[in-house]
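Hi everyone, thanks for coming.

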Amino acid sequence: MAHLNEKEGSIVSHCPSCRGGRSTFEWHVNGREIGAHERREEDRYWGDCVVSYRVFKCAGCGMGAFGVIKMGGGGSYPGSYNRLLKFFPETKQRLSIPSSVPQGIATEFREAETCLENQCIRASAGLVRSVLDKTLRANGYKTKKEFNLYKQIEAAAEDGVITQARKRRAHDEVRVLGNDVLHDDWHEIPEEDVEAARHYCQRILEDFYDDRESVLILLREAGRVPEEDRETEEVSEN
């Protein structure tokens, strides 16, 4: 969550342009403010209240941002005391995923995070489910025998690629939640439920790709054909 430095007037928040890294957003450059509009507002508790609509800049990448700050006591920004009302864009800390995760799956996982950050809760839940489905498919679990996601998760647990505890979470936190979005009538989904699904999906990606060579041995012993082996077969055929 964005935090206002009351003394300096800068804002500390996770920056989407810095891959979710925590950064300081400044309101001035070389001693000059970037841009602002202020108006006075009546407030029964804050004397001489001013609301400041202000442009900020990420100190790391230079991306612009917008904040609304309430000040009391008169004077120029940042004033004698103040409170942050709104800040945009405010991103969450991005979860780390193994570098060996296929690019398409990694990009879809990041898109799910972006949706969650922008309060597109149902869209994020559907994408997290899609990441799980694509991960299992990439590792040889999309067969006629294990056509639906339920059977794919069960098979991955039977092969020992994911634990029984992770299997339950994959069903309860990711698959069922995503199915609600895809198949049920529209209804609100709690943000904390999608946040939990994001974390468990990250852990499943780690299960499959953190120690990839060991997982490949398990998959081959179980008769699965992961993407790496499919690519090898295609090269041999050509």
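Let's begin with α4 and α5, whose axes lie 9 Å apart and meet at an angle of about 130°. That angle makes α4 oblique to α5. Do keep in mind, please, that this is a predicted model. As for handedness, α4 passes α5 in a left-handed crossing. On the α4 side, the contact is made by Arg166, Arg169, Ala170, Glu173, Val174 and Leu177. Facing them from α5 are Asp193, Val194, Ala196, Ala197, Tyr200, Cys201, Arg203, Ile204 and Asp207. By class, this contact has nine nonpolar residues and six charged ones, with no polar residues.

While we're on α5, which spans residues 191-209, have a look at Gln202, which sits in that helix. Is Gln202 buried or exposed? Gln202 counts as buried, because its relative accessibility is 10%, and the cut-off for buried is under 20%. Beyond its neighbours within four places in sequence, Gln202 touches Leu95, Ser96, Ile97 and Phe109.

Now back to α4, residues 164-183, and its pairing with α3, residues 149-158. Here the axes come within 9 Å and cross at roughly 165°, which means α3 is roughly antiparallel to α4. In this pair, α3 passes α4 in a right-handed crossing. From α3, the contact uses Leu149, Tyr150, Ile153, Glu154 and Ala157; α4 brings Gln164, Lys167, Ala170, His171 and Arg175. Sorted by class, the residues of this contact are five nonpolar, two polar and three charged.

Thanks, all, and I'm happy to take questions.

Terms used
Residues numbered from 1 in each chain as written. Predicted model: local features only at pLDDT ≥ 70, side-chain atom pairs only at ≥ 80, totals over all residues. Heavy atoms only, no water. Axes fitted to C-alpha atoms, helices over the stretch in contact; angles between N-to-C directions. Helix = DSSP H or I, 4+ residues; strand = E, 2+ residues; numbered from the N terminus. Parallel < 35°, antiparallel > 145°, perpendicular 65-115°, else oblique. Left-handed = near helix turned anticlockwise from the far one by under 90°. Contact = heavy atoms within 4.5 Å. Nonpolar A, V, L, I, M, F, W, Y, C, P; charged D, E, K, R; others polar. Buried < 20%, exposed > 50% of the residue type's maximum accessible area, 1.4 Å probe, protein only.
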